[in-house]
Amino acid sequence: MNLLHYASPFPTVRFIHTHHHRSRSTTTSTSPLSRARLFTVRASLPFPIQEAKYYRELEAAVDVVERACHLCVDVKSSLFSSDGRIVEKNDQTPVTVADFGVQALVSLELGKLFPSIPLVAEEDSAFVRSNNLEDPVVKAVTRQASAEDKPWTHDDVLKAIDRGGKEAFTFGTKPATYWVLDPIDGTRGFLKGSEALYVVGLALVVEGEIVLGVIGCPNWQYDSSNESTTEVQENRKNFAGSGIIMIAHIGCGVWTKRLSDMLYATTKMINGWTRCFVDGCCLIHEARFCAPDSQSSDSFPLSTTFSTTTITDSAGNKQILLLPTCCGSLCKYLMVASGRAAVYIHQAKVQTSIKIWDHAVGIICVLEAGGKVTDWKGRQVDLAADKDGRRIIYPSGGILVTNGNLHDQILDKISSVSSNV
């Protein structure tokens, strides 16, 4: 499938990479159709267009995820006021206007720029309709509309949400091209406050391969050890001290930038991007682990060999450190790709499906940062296992995400535990 491209108003800046990465074809579409369809976006990227085959698509993804994060911040700021709305889905996970607003916004923008590419996403409009949420969702989305857009109607927004629903598209058996969106991963973190992370995650799959991804985390806290006392105090006063955008493009690595620099700057900066790599830990007991919030220490896959602790300074040779501040799967991928954690172990449950939007963008971010992602048998995750909907994946045992150095060691431990059960 030929992807539609549009021109960027920003100059390119060349960065000198100090680590080798996979080479990749950098052919960019120059068809008459591509040249005729011009759009202005606000994003700028840390590598030249010549190095990235899907540069234009990534620009669009960064731009819409930035705005989606802004939508989340706006909704959250009024969440607990008299105008705030919090409701429950049938599976008892909390969901807000932000969930549906983000899906509508991303669907509207990507549908305008790339109308031939389907969207696979978490929500549909039935819940919005049945709970009389149309007005607050439309209001939230409209605030983030591009200046050149005509006003969006209730019908526009509801149709945009349904564009990502399970009934919107049937793929079949051939390799497919589609966007994958998790409008808010870590909804409980969204409701808990600033200590628990939540993210907006968007990935593009081309012919069955994840080629780019963008993660926006509005309440990510930076390490302030390199900042002045004045900067730290100022950052603590307002949102500008938190938030991150992580981008990945196949063959171009993983990069991050302060979300506040992108949301609140009067002009888009082309500097400020930081290249990310996984950490270099080589010993299991020295690694920092992420685990699902619902998983007890007794059910942790390595519990027969190691005990667990959440106290950083107390981990010994027979203990592993669990990081407790993450809600949602993509937050844990973000921790590994950024080097803050070395391992994320996701265990499959008999009565629970593993959804593609909880993993797709995280997979490319970890891989491009130098890590490794497989099922518990060491096999690649099959994105096409759900042939019709591309919504569910079936990894054997679960998913193992590591810095690469620890992957085989942990697979051996998991295999040993499984064989003794």
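This is a predicted model: local features need pLDDT of at least 70, side-chain atom pairs count only at pLDDT 80 or more; totals for chains, interfaces and linings use all residues.

Me: Which residues of helix α5 are buried?

Reply: In α5, residues 134-142, the buried ones are Val137, Val138, Ala140 and Val141. Buried means under 20% relative accessible area and exposed over 50%, with partly exposed in between (1.4 Å probe, protein chains only). Helices are DSSP runs of H or I with at least four residues, numbered from the N terminus.

Me: Why are they on the same side of α5?

Reply: They cover an arc of only 160° around the axis, which puts them on the same side of α5. The arc is that of the directions from the helix axis to the C-beta atoms.

Me: And what is exposed on the other side?

Reply: Asp135 and Lys139 are exposed there.

Me: What is Val137 in contact with, leaving aside neighbours within four places in sequence?

Reply: Val137 is in contact (heavy atoms within 4.5 Å) with Val97, Phe100, Gly101, Val128, Val157 and Ile161.

Me: Now the largest nonpolar core: which members touch the most others?

Reply: Of its 64 residues, they are Phe47, Val137, Trp179, Leu202 and Ile247. Such a core is a set of buried Ala, Val, Leu, Ile, Met, Phe, Trp, Tyr and Cys residues joined through side-chain atoms within 4.5 Å. Helix α2 gives the largest share of this core, 13 residues.

Methods
Residues are numbered from 1 along each chain as its sequence is written. Side-chain values use heavy atoms; hydrogens and water are left out. Helices (H or I, at least four residues) and strands (E, at least two) are DSSP runs, numbered from the N terminus.
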